[in-house]
Amino acid sequence: LTTHPADEISKAFFDSQRDSLIKAVKRFREAIDKVDPTIQGINCTSGDFCDSVVYTSKIFCGKGNPSIVRAANGTYAPITTRGFSNTMRNFVVRSSKLKNNGVDYVLSETDTVPFNRYAKNARYLHAHYAASILDGAKGAKHWITRLTAFEPASGKAYRKKLAKYSGFYEALTAYASELRPFGCRIPLTRKQDYFYQIRIKKHFNLSAWSSCVLERLGLPFYFGNEGEGAVFLDDFSVRGFTDDEIREFMKGALILSVGAADALVTRGFAHELGVTVASGAASIDQVGVQTGSASAKVATAERVNGISLDVQYGNRELTPLSDDTEWLSEVYHFNQKLNVPEPLYPGVTRHKTSLGGECIVFCGTPDMPFKYYSAFSLLNETRKRQLVDILSKNDSLPLYYPEDAELYLRAGRLPGGETFAVAFNLSQDTIDELPLVIKSAVSRIDRLNERGERIPCDFEVRDGVTYVKSPIAAMEPLALLIE
């Protein structure tokens, strides 16, 4: 069930909930004030909405103190580093609402629930905190020690890691406050709907383009409504934007999953996309059996630059509206009788918009299970080259990682013109040297050490690739300043 705040029943429920919380927090603060009214109070909030804490934080912070709120972006007992960017998506969505409503400082939630290294290792904690700082956190609430089961040694490795990198976090905070991010942009909805029931949890916490694709390919991306670069929308996120916002996206590069494209066709944007989308009923299953004609043909594969890949997960037929729609790949059926491939429809299209930008439409969805076939129509070197080509042609890729380790890359520009980049190695393989394709000429590269000091970093350029001579272990972020 999803409702809008204007719904009378929802409004009554949330108003009464907010009123109860405000009254309770006032009583808590009154008790603290009897001891010392200047004691700093900090609130925690959960979920995407953050509406009650906007009021309670001003009450609870104490006399003359800033309002401080810990946003909800915890990862409790993570079973993998994949999907790491979901944590950052959660922080940016929630912190932006808090800041827009006057909260002075937002903290990250780096808790290691259930508070020992069997649940979450110290490197993960370090990467989580560093990535949160890049997204605007001014600190964190570190709940890192088991207390109910009194095991104080459980936090030893965490405390050691945080102490070692304290100077790094301070320096990172200073650079992040000035950074103008670039790369692929995952925009944030300004809509405020209320969601209920567990069944929506998958989408409630997921940005499919970032968590299933971009964070693993080493293509820089960020969450936000300001900044440069191509905008990515998926089947779910597209509903969070008005028609005027969509038109604004179309002034630059807009990259769409098939579900996002279908939604925009329904909303009257087919002429801008250059395609229509077959209904879900037109596909018998997720592997591409089409029933649009009398004799169903199985979509055997997708050909990208002469290389055959698995068909995209959840693929649906795209129908170009004119010759102005460019085919960037083709889905085909292999006719075994004639021993020839027969093109069915485009796998990826490009179309210039009337607003000066271009729309790229994928025939499938990035919201795919990480299984043997389903995820790897997008996670491969051929698809990565295709994305690099798409992004480079509309000037959305000043820097990227060209190889095949799972690398979460953040980058942007500092006021003095330097590029600031932070690489998070999500794989278990140590990266011995970091290759980067950098659009501009490079004269110097520094890295931040654990004390936050700038240390010159050796590098060499070979065949257009800059190799940074600094290894990156799993979940040990490397921060670089590039001149």
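Mentor: Happy to, and what follows is a chat about a predicted model.

Trainee: Cysteines, then. How many disulfides are there?

Mentor: The count comes to zero disulfides, taking a pair of cysteine sulfur atoms within 2.5 Å as the rule. C184, for instance, is in no disulfide, and the nearest cysteine sulfur, that of C212, is 15 Å away.

Trainee: You mentioned C212. Which helix has it among its buried residues?

Mentor: That's α8, where the buried residues include C212, W209, E215 and R216.

Trainee: What comes just after α8?

Mentor: G218, which takes a positive phi of about 75 degrees.

Trainee: Let's switch to α4. How many of its residues are buried?

Mentor: 12 of its 13 residues, so α4 is mostly covered. Among them are Y124, H126, H128, Y129 and I133.

Trainee: How far apart are its end C-alpha atoms, and what should the helix span?

Mentor: The end C-alpha atoms of α4 (residues 122-134) are 19 Å apart. At 1.5 Å a residue, the 13 residues should span 18 Å, so the two agree. The expected span uses one less than the number of residues.

Trainee: What caps the N-terminal end of α4?

Mentor: N121 does: one of its side-chain oxygens lies 3.2 Å from the backbone nitrogen of R123. Just after α4, G136 has a positive phi of about 105 degrees.

Trainee: Now strands. What order do the four strands of the open sheet take?

Mentor: The order is β21-β24-β28-β27, with antiparallel pairing.

Trainee: Which ones are the edge strands?

Mentor: β21 (399-400) and β27 (459-462), since each pairs on one side only.

Trainee: How many bridges join β24 to β28?

Mentor: Three bridges, between residues 434-438 of β24 and residues 465-468 of β28, and the two strands run antiparallel.

Trainee: Which residue in β28 is the bridge partner of L434?

Mentor: V468 is the partner of L434.

Terms used: Residues are numbered from 1 along each chain as its sequence is written. This is a predicted model: local features need pLDDT of at least 70, side-chain atom pairs count only at pLDDT 80 or more; totals for chains, interfaces and linings use all residues. Side-chain values use heavy atoms; hydrogens and water are left out. Buried means under 20% relative accessible area, exposed over 50%, partly exposed in between (1.4 Å probe, protein chains only). A polar contact is a pair of N or O atoms within 3.5 Å; within protein, one must be able to donate a hydrogen and the other to accept it, and residues adjacent in sequence count only if both atoms are side-chain atoms.
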